[in-house]
Amino acid sequence: MTIEEVYGYADKIGVLVFSTVYGDEVHSRVAHFNGFDDEGIYFRTMINKPFCRQLLETGRVTVCGCSDTSILGHEKDGTPIFPPVFSIRIIGEVRKVAPEKIIEKAKSNEALKTAARDMEKYPTMKEGNFVIHKAKVEIFDADFEMKSRDHKVLRTRGSFGGMTFNPAGPSITEACIACGACKEICSFKAIEEGEPYRVLPERCDDCGSCATVCPVGAIEKSLTF
């Protein structure tokens, strides 16, 4: 997954949720990206804000967002409605970018021109520019009603800057006896036959139904992203 592809998905959403760690708490706020290049994806805050201090202290950020804020609606009888939607999840490492570097980059990077102009209006923003230079990313494309395809989800995981990641979903071990119980119960159509059977990570929602019916305990829990 390229930096440009990741930025493209995020830009379609616009406003995103940025989370950092402060002590034993997770702090979140809404913000947006303001450009990318081959070094990573850029965003900005102000040096006086706790957000900035947390970024400087930990060097880490998690970003997520959804393409449709009305992802969950309800019918008159209370039945939930899930329209087709995609979400993005980014877990990355950040570094501070010097103001003069942003100004220089803005000469040839249209998206960064706003950041350069904002530094003139808000002096505290000069020391609040950051780039996510290394990250793992998941695009979660959901169509729970299967209006446009024959399965509910399509999960695409990738990374840039050298970060590694684990595939989605549980795994089926050699203890599998190929009874088919897991495939039968999977409403996400995420299991294919074989010896052993196999979970398709790009379709799996990690609901855990398969593990509840396996008669030999051959299904292992998924790994952390």
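**Exercise 1. Cavities**

Task: In this predicted model, how many cavities of 30 Å³ or more does a search of the whole structure find? Which residues lie nearest the centre of the largest cavity?

Solution. 
- Step 1. Rolling a probe the size of a water molecule over the atoms shows where empty space is left.
- Step 2. Count. The search of the whole structure gives two cavities of 30 Å³ or more.
- Step 3. Take the largest cavity. Its volume is about 90 Å³.
- Step 4. The lining of the largest cavity consists of 13 residues. Nearest its centre lie Cys-186, Cys-204, Cys-207, Gly-208 and Cys-210.

**Exercise 2. Helix 2**

Task: Which residues of helix 2 are buried, and what covers them?

Solution. 
- Step 1. Find the helix. Helix 2 spans residues 50–58.
- Step 2. Apply the cut-off: buried means under 20% relative accessible area. Phe-51, Cys-52, Gln-54 and Leu-55 are buried.
- Step 3. Look around the axis. These residues cover an arc of only 165 degrees, so they sit on the same side of helix 2.
- Step 4. Recall the geometry. An α-helix has 3.6 residues a turn, so residues three or four places apart point the same way.
- Step 5. Find the cover. It includes strand 1, strand 2, strand 4, strand 5 (60–66), strand 8 (85–96) and strand 9.
- Step 6. Check what follows. Just after helix 2, Gly-59 has a positive phi of about 70 degrees.

**Exercise 3. Helix 3**

Task: Why do the buried residues of helix 3 line one face of the helix?

Solution. 
- Step 1. List them. In helix 3 (residues 99–106), the buried residues are Pro-99, Ile-102, Lys-105 and Ala-106.
- Step 2. Look down the axis of helix 3. The buried residues fall within an arc of 125 degrees, and therefore they line one face.
- Step 3. Name the partners. The buried residues of helix 3 pack against strand 3 (36–37), strand 4 (40–44), helix 4 (113–121) and strand 9 (129–142).

**Exercise 4. Aromatic rings**

Task: Is the pair of Phe-18 and Phe-33 stacked or edge-to-face?

Solution. 
- Step 1. Count the aromatic pairs. There are nine.
- Step 2. Read the geometry of Phe-18 and Phe-33. Their centres are 5.4 Å apart, with 70 degrees between the planes.
- Step 3. Compare with the cut-off: over 60 degrees counts as edge-to-face. The pair is edge-to-face.
- Step 4. Phe-18 is in strand 1 (residues 16–22), and Phe-33 is in the loop between strand 2 (25–31) and strand 3. They are 15 residues apart. Both are buried.
- Step 5. Widen the view. Ring pairs join Phe-18, Phe-33, Phe-43, Phe-51 and Phe-130 into a cluster.

Definitions and conventions: Residues are numbered from 1 along each chain as its sequence is written. This is a predicted model: local features need pLDDT of at least 70, side-chain atom pairs count only at pLDDT 80 or more; totals for chains, interfaces and linings use all residues. Side-chain values use heavy atoms; hydrogens and water are left out. Buried means under 20% relative accessible area, exposed over 50%, partly exposed in between (1.4 Å probe, protein chains only). Helices (H or I, at least four residues) and strands (E, at least two) are DSSP runs, numbered from the N terminus. The arc is that of the directions from the helix axis to the C-beta atoms. Contact means heavy atoms within 4.5 Å. Rings of Phe, Tyr and Trp (its six-membered ring) pair if their centres lie within 6.5 Å; planes under 30 degrees apart count as stacked, over 60 as edge-to-face and the rest as tilted. On a 1 Å grid over the protein atoms alone, a cavity is a set of points where a 1.4 Å probe fits but cannot get out, and a pocket is an open set with protein on both sides within 12 Å along at least five of seven lines; lining residues have an atom within 4 Å of a point. Grid points are joined across faces, edges and corners, and a volume is the space filled by probe spheres set on the points.
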